[in-house]
Structure formats: structure tokens, C-alpha cells
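Trainee: I would like to learn how to read the features of a structural model one at a time, beginning with the general idea and then turning to the case at hand. Could we work through it together?

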Amino acid sequence: VSSGSRRSSSSYSSNKLAKSENAAENTNNMSWGTELWDQNENLAIHTNRGIDALDKYANFLRERVAIESDYALKLRRLVKNYQPKKKEEEDNEFTSMQAFRNLLKEVGDLAGQREVVSESLQLQIVQGVTLLSKTLREDRKKCLSDGAMLQQNLTTQLSSLDRAKRNYEKAYRDSEKAVDSYKRADMDLNLSRAEVERYKNVMTSKIQQSDDAKNEYANQLQKTNHLQQQHFSMLLPAVLNRLQELDEKRTRGIREFIIGAAEVESSVAPIIARCMEGIVKAGESINEKEDSFKVIERYQSGFTPPRDIPFEDLSKCDPDAVQDSHYSNSVSNHLTMRGTMSANKLKKRVGIFNIFGSNKNSLTADGQKEDFSDLPPNQRRKKLQAKITELQQKISQETNARDGLMKMKIVYEANSSLGNPMTVEGQLNESEHKLEKLKGDLKKYQGYLDKAGQVQAATSSPQSNRNTLQNGHRTSRHSNGSADDHHDDGDDQPDDAGSLSRSDSEDNVAQIQNGHNNNNNGSASPESGLGTSHTSLPGSGQGSANENAIGEDVYYETEVEPLQPLGTCRALYPFEATSEGSIPMSEGEELQVIEIDQGDGWTRVRRANNSNGWDEGFVPTSYIECTLFA
């Protein structure tokens with residue numbers, strides 16, 4: 001029974017498969033020309049509706065493109081409207097605000113992807129649908145015109161056949177009447193032979209006309225049958241099959257356009273998914289504890305809370321002393337409050353008459369004193385440290401600019417055809433003046449910071465930890481990674497050794513002017529004249545920590561450590577060293593980068609030599625491909 005059921009099931013499946021194959025084959029063999037030979041008008045209506053449906057889909061795509069474009073535009077406008085304002089920049093340190101900025105960035109990327117969808121739909125889909133619809137309408141019009149012409153020819157032939165048939169019928173009736181008249185005349189004895197002969201001639205003529213009409217009718221019938229057979233078997237089916245091809249092309253086009261629109265959407269789906277992941281990541285980066293700590297760090301005054309107000313016995317104390325005690329306690333409470341959030345609302349008024357007076361601590365643009373002494377201790381130290389960091393960055397930038405000018409001057413002196421060395425002399429002097437002023441400001445603010453460090457703060461902030469007292473020494477960490485250690489004697493004057501003094505590059509300027517040019521590693525670079533100036537990554541240990549103070553007569557030599565590599569480079573072209581300070585290299589050679597390009601087109605590199613040493617020198621920046629360490 002089991003084997004029999006399996007055989008029956010197998011035979012049923014085979015029959016079903018055969019039927020489906022036959023149905024598919026029959027579908028492929030069916031055509032409008034053979035199956036719908038008499039439905040010309042209906043097919044014309046059907047094809048017109050089909051093209052109208054294609055136009056409707058095109059209008060749908062146009063409206064969707066407009067919606068996508070408008071959506072992207074509104075998203076971009078939304079992102080622009082909610083970008084942090086300049087007055088809100090101080091709140092950007094909070095993780096919640098950083099997450100919101102990242103959210104705006106991701107939403108902007110989403111707007112970009114919607115624009116991509118809109119442009120792709122317009123260029124790839126809408127234009128294709130429009131072109132297809134135009135082509136189909138022209139081809140349909142031509143097919144219908146050919147079909148109408150075939151139908152007109154057939155109708156004309158049928159009319160000719162109908163006329164020939166009517167003529168034949170009339171001629172046949174006339175001949176029948178003429179035969180009857182001749183027979184009656186021939187039997188009538190009263191008529192003469194001449195009259196009988198006349199009836200006979202009329203009969204003969206009518207019979208001949210009938211025979212001619214009969215032959216014409218037979219000829220037209222043969223032509224009509226032949227034309228009708230060609231019309232319904234060949235000519236009309238060809239036109240209807242062309243209409244079928246047009247309709248199938250339209251249907252196939254709609255299928256491809258729908259799939260293409262979906263593919264356009266799918267192509268940006270991974271990027272949109274990454275944007276969503278970025279939004280989720282931005283939300284997960286919010287840390288309420290870290291934000292709370294930053295609030296403390298921002299508004300912490302450094303004052304201690306007010307002590308308990310002692311009981312004052314009026315019978316044992318002077319009333320004036322009681323008033324003075326109450327006043328001092330109120331002032332203490334006011335100073336404590338200045339470290340809270342309301343401190344930002346306190347503004348200094350700077351009148352125009354202030355220009356006629358002198359103030360030891362001038363006011364800044366926001367109404368604060370130059371040394372920030374009007375701020376609480378903790379806030380003052382942070383402001384001073386930020387100002388020192390800003391000055392150190394400006395000094396580093398100005399030093400790099402001055403060193404670039406020195407390199408240019410050395411190159412001009414080595415090759416006068418490149419330029420006149422005196423043209424950069426004025427810029428060098430101006431750069432020197434700027435450096436002197438910046439170093440003076442740095443020394444002044446470091447003095448302010450030393451004074452502020454003497455005030456004991458209630459808590460420490462990350463910025464104030466940059467200047468801490470450790471075993472009687474103050475460690476001042478510069479922005480370039482160097483450190484100054486000096487004793488704090490408790491006086492109000494800052495230690496000159498703790499400030500940024502004359503840099504090594506200044507010493508090298510004097511040495512270059514005297515005809516001497518020495519680098520840290522003892523090698524000379526005629527192109528640069530940089531000396532000990534070195535553009536390095538944080539933590540490289542290169543800075544001005546061990547430099548001599550301004551005005552000292554005695555200079556102390558310190559052992560200079562080898563420059564740490566900033567990255568690696570590969571030679572794109574061979575280079576032959578033709579000037580002092582440059583080194584040759586071959587194509588594809590790997591070198592270490594120890595000083596990046598300062599804007600003069602030269603990079604300082606190093607390679608190991610066969611004597612367990614190092615060869616250092618300059619190579620053209622355009623000849624190498626650099627990869628700096630992260």
C-alpha cells in the first residue's frame with residue numbers, strides 16, 4: 001500500500017509538472033494576432049490605458065522625488081537651526097551636548113542620503129519612464145495607423161465586390177426580362193418579323209451584359225477573398241503582434257523601474273543604518289556622572305563653606321564690633337557665592353572715563369581683570385592655565401614661522417638666483433618682536449599662576465593639576481610636552497626658570513648669523529637653519545624646558561637626546577644630495593621622519609648606516625610619501 005501511494009503521488013507530481021510546462025508553452029505560443037484578430041478596437045483601448053498607467057507611475061515618482069528633496073532640505077535646515085551658538089560653546093564639554101552635536105551630524109548625513117535617493121530616482125528612473133512612455137506612444141500611433149490602413153483597403157475591396165454583385169444581379173434580371181419578351185414576341189403572330197428580330201437583339205445584348213457582370217463579380221470576389229485571407233492571416237496579425245510587443249515592453253519596463261527604485265533605496269540603506277548606529281552610539285556616550293563632575297569643575301570656587309556664626313552677647317561686646325563682625329560674615333558669604341552658577345551673571349562695568357585713569361590690572365574684553373584676580377581661586381587658576389596654553393601655542397606657531405623664514409634666507413644666501421635674502425629681513429625682525437612680546441606675556445601669566453598657586457583651593461580640577469606643588473617643587477607642563485621643575489620660595493615673583501625663555505632656535509639664529517649652524521644631532525642643514533627647533537608629536541620630549549633664561553651671562557650645556565621619529569616615509573623618486581645638509585635616497589627606500597615640513601618644501605629624515613650609526617639630512621617633501629604615527 002505504501003509503495004503504491006508513493007507511486008501515485010509521484011505520478012501526480014509528474015502530471016502536474018507536465019501540465020504547468022504545457023501551460024507555459026501555450027502561453028508563449030499565444031499571440032494577439034491569432035487569438036484577438038477581431039478585437040482591434042479593444043486592443044487599441046487596452047494599450048492606451050497601459051501607457052496611461054505608465055505615465056501615472058512616472059507622476060508618482062516625480063512627486064516622490066519632490067518629497068525626498070523637500071525632506072532632505074528640511075532636515076538640513078533643521079540641523080542648521082539647532083547648531084550650537086557661539087554663546088553656547090562653553091557647554092560643549094558636556095557629554096550630553098557632544099552627543100547632541102553628533103546627533104545633528106548624523107541627521108545631516110541622513111539628509112545627504114535622502115538627496116542621493118532623490119537625485120538617483122530623477123536621473124535613473126523618472127527620465128527612463130518618461131522616455132519609454134514617449135517611445136511607446138509613438139510606436140502605438142504608428143501601429144494603429146498601419147492597422148487602419150489595412151482595414152480601409154479591405155473595406156474598399158468589399159465595397160467593390162458589393163458593387164460588382166449588385167451589377168451582376170441587375171444585369172441578370174434584365175437578361176431574364178429580355179428572354180421573356182423575346183419568347184412572347186416570337187409566339188405573337190401579329191408582330192412582324194422585324195419586330196421579333198429587334199426583341200431578339202435586345203435579348204442577346206442583355207444576356208451579354210449579364211455575362212460580363214457575372215465575370216466582373218467573379219473577379220472581384222476572387223480579389224476580395226485573397227485580400228481578406230492576407231488581411232486576417234498575415235497583415236493584421238503582424239500589426240496586432242507589434243501592439244503586443246509594445247504592451248509587453250511597457251509591462252517589462254514597469255517591472256524594471258520598480259525594481260530599480262527599490263535598488264536605489266537599498267543602496268543607501270547601509271549608510272542610513274550606519275547613521276542610526278552613530279545616533280545610538282552618541283546616545284550611549286552620554287555619561288551623567290561625567291557631566292556632573294564637569295559642572296563641579298566649572299563652577300567650583302575653591303572657597304570653603306562659611307563657618308558657624310558665633311553667638312554674640314550684646315551685654316559683653318561693643319555694638320560697633322558686632323556690626324563689623326556681621327559685615328565681614330556677609331562679605332564671606334558673598335565671596336563663596338561667586339563660585340556658583342550665579343557667578344557668570346556678574347559683569348564688570350567699564351566706563352569710558354576709565355581711559356583717563358590707570359589700573360594695574362587692566363580689564364579684558366568681557367570685563368574681567370587681566371590676572372583674573374576677580375575670580376574665585378579655582379576658576380582663576382583654570383583661566384590662567386588656559387591663557388598660558390594659548391600663549392605657548394602662539395609661541396610655537398610664531399617660532400615655526402620664524403624658522404621657515406630663516407630657512408628661506410639661508411636658501412637665498414646659498415643661491416641668489418632664487419631670491420634676495422634682504423627681502424625676508426623685515427619679516428624676520430617683525431617675527432622676533434612678536435616672539436619677544438609673546439614670551440613676555442607668557443612670563444607675566446606664569447607669574448600670575450604662581451601667585452594663584454599660593455591660595456589653597458578646596459578641591460583640584462584637571463586643569464589645576466597641571467601646576468601642582470610636589471615636595472617644594474612646581475612642575476609646569478608645557479603644551480609641547482616639556483616640563484619645568486623649579487622651587488617655590490613663596491614670594492610673589494615668578495621664577496624665571498619656570499617661564500618660557502629664549503629658545504634654542506633663537507640661539508641658532510645668532511649662530512647662523514655668525515656663520516655657524518648646528519643641529520641637535522650635530523649635522524648641518526643649509527636649507528633650514530632650524531637648529532634645535534623641532535616639530536614633534538606630544539610626548540616627544542622636545543621643548544624649551546632646559547633653556548637658559550633671558551639676561552643670563554652664563555649658558556649651561558645639556559645633553560640632547562636623539563630626536564624621536566615622527567613616522568616613516570618612502571621615496572617616490574631618486575634624489576641626489578647636491579647641497580650641504582641634504583642626503584641622497586633611492587626610489588622605494590624607507591626612511592624615518594624626524595622633522596616634518598615647515599613650509600619650505602624640505603623634510604628632515606634619518607636612516608641607519610653600516611657603522612651602527614644614523615645618517616640625517618633633508619630631502620624634498622614632494623619626493624617622498626609620509627606616514628606619521630598616530
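Predicted model: local features only at pLDDT ≥ 70, side-chain atom pairs only at ≥ 80, totals over all residues.

Trainee: How is an aromatic pair described?

Mentor: In general, two numbers describe a pair of aromatic rings, namely the distance of the centres and the angle of the planes. In this model, a search of the whole structure finds eight aromatic pairs. One of them is formed by Phe575 and Trp602, with 6.3 Å centre to centre and 70° between the planes; because planes over 60 degrees apart count as edge-to-face, this pair is edge-to-face.

Trainee: Which parts does the pair of Phe575 and Trp602 tie together?

Mentor: Phe575 lies in the loop between strand E4 (567-571) and strand E5 (590-595), whereas Trp602 belongs to strand E6 (residues 602-608), so the pair links parts that are 27 residues apart in sequence. Both Phe575 and Trp602 are buried.

Trainee: Which aromatic pair do Phe575 and Tyr623 form, stacked or edge-to-face?

Mentor: Phe575 and Tyr623 form an edge-to-face pair, at 5.8 Å centre to centre and with 80° between the planes. Tyr623 sits in the loop between strand E7 (614-620) and strand E8 (624-628), and Phe575 in the loop between E4 and E5, so this pair ties together parts 48 residues apart in sequence. Phe575 is buried, its relative accessible area being 11%, while Tyr623, at 29% relative accessibility, counts as partly exposed. Tyr573, Phe575, Trp602 and Tyr623 form one aromatic cluster.

Trainee: Where does the charged end of Arg606 sit?

Mentor: The charged end of Arg606 sits over the ring of Trp614, 5.0 Å from the ring centre. Another such case has the charged end of Arg198 over the ring of Tyr199, 4.9 Å from its centre.

Trainee: How should I read the crossing of helix H6 and helix H8?

Mentor: One reads how near the axes come, then the angle at which they cross. The axes of helix H6 (residues 288-299) and helix H8 (residues 377-414) come within 7 Å and cross at roughly 90°, and H6 and H8 are therefore roughly perpendicular to each other. On the H6 side the contact is made by Glu297, Arg298 and Tyr299, and on the H8 side by Asn378, Gln379 and Lys382. By class, this contact of H6 with H8 has one nonpolar, two polar and three charged residues.

Trainee: Which residues does Arg242 touch?

Mentor: If residues up to four places away in sequence are not counted, Arg242 touches Lys142, Cys143 and Asp146. Arg242 lies in helix H5 (residues 193-284) and, at 31% relative accessibility, counts as partly exposed. The C-alpha atoms of Arg242 and Gly33 are separated by 8.9 Å, although these residues are 209 residues apart along the chain.

Trainee: Where is the place of Gly453?

Mentor: Gly453 is in helix H9 (residues 425-453), and with a relative accessible area of 28% Gly453 is partly exposed. Gly453 and Arg380 are 73 residues apart in sequence, and C-alpha to C-alpha they are 9.7 Å apart in space.

Notes: Residues numbered from 1 in each chain as written. Heavy atoms only, no water. Phe/Tyr/Trp six-rings, centres within 6.5 Å; stacked < 30°, edge-to-face > 60°. Helix = DSSP H or I, 4+ residues; strand = E, 2+ residues; numbered from the N terminus. Buried < 20%, exposed > 50% of the residue type's maximum accessible area, 1.4 Å probe, protein only. Lys NZ or Arg CZ within 6 Å of the ring centre and 35° of its normal. Axes fitted to C-alpha atoms, helices over the stretch in contact; angles between N-to-C directions. Parallel < 35°, antiparallel > 145°, perpendicular 65-115°, else oblique. Contact = heavy atoms within 4.5 Å. Nonpolar A, V, L, I, M, F, W, Y, C, P; charged D, E, K, R; others polar.
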